[in-house]
Structures are given as structure tokens and as C-alpha cells.
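Biologist: I have this one open next to me, could you talk me through it?
Modeller: Gladly, let us start with the overall layout and then go into the packing.

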Amino acid sequence: KAVWGDELTLIFCELCVNEVNAGNRPTTHLNSKGWENVIALFQAKTQKIPGDVFLEFEAEDIYRKVYH
């Protein structure tokens with residue numbers, strides 16, 4: 001598993017919050033449009049190209065650390 005530093009984690013979390021606020025989380029997870037936006041903006045801000053699955057695993061890991 002890749003290890004993210006604080007800066008990448010903060011960027012990722014901010015992007016996810018923005019998508020939630022934009023209405024792209026109709027239930028407990030981001031919808032397809034929300035993930036597309038997170039991936040595109042993450043790439044633009046960091047010049048890193050994560051895969052969809054990698055971001056979803058990172059999101060689950062962050063959720064577990066915050067809420068459990």
C-alpha cells in the first residue's frame with residue numbers, strides 16, 4: 001500500500017468535501033461524477049495519477065481512522 005503524506009491526504013479530503021457539498025454523494029459514497037471530479041482535480045493539483053480503486057481504498061482508510 002502506498003503511503004500518503006499529510007499534504008496529499010489534505011488535498012484528497014478537501015476534494016471529497018467539495019464533492020459532498022456539490023451534491024455528488026447521494027448516499028454514503030461519492031457517485032461516479034464525484035469520483036471523476038476528485039480524480040481529475042487530484043491529478044491537476046498534484047501531478048499524480050491515482051487509479052479509481054486506489055482513491056477508494058484511501059477514502060476507506062481515512063474514514064476508518066477518523067470514525068473508528
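Biologist: How many helices and strands are there in the protein chain?
Modeller: The protein chain has three helices and zero strands, where helices (H or I, at least four residues) and strands (E, at least two) are DSSP runs numbered from the N terminus. This is a predicted model, in which local features need pLDDT of at least 70 and side-chain atom pairs count only at pLDDT 80 or more, while totals for chains, interfaces and linings use all residues. Residues are numbered from 1 along each chain as its sequence is written, and side-chain values use heavy atoms, with hydrogens and water left out.

Biologist: What share of the 68 residues counts as buried?
Modeller: For the protein chain that share is 32%, with buried meaning under 20% relative accessible area, exposed over 50% and partly exposed in between (1.4 Å probe, protein chains only).

Biologist: OK, how do α1 and α2 pack?
Modeller: Helix α1, residues 6-21, packs against helix α2, residues 32-46, at an angle of about 145°, and their axes are 10 Å apart. The axes are lines fitted to C-alpha atoms, for helices over the stretch in contact, and angles run from 0 to 180 degrees between N-to-C directions.

Biologist: And which residues make the contact?
Modeller: With contact meaning heavy atoms within 4.5 Å, α1 contributes L8, I11, F12, L15, C16 and E19, whereas α2 contributes K33, G34, W35, N37, V38, L41, F42, K45 and T46. These residues divide into nine nonpolar, three polar and three charged, where Ala, Val, Leu, Ile, Met, Phe, Trp, Tyr, Cys and Pro count as nonpolar, Asp, Glu, Lys and Arg as charged, and the others, Gly among them, as polar.

Biologist: What about W35, buried or exposed?
Modeller: W35, which sits in helix α2, is buried, at a relative accessible area of 14%.
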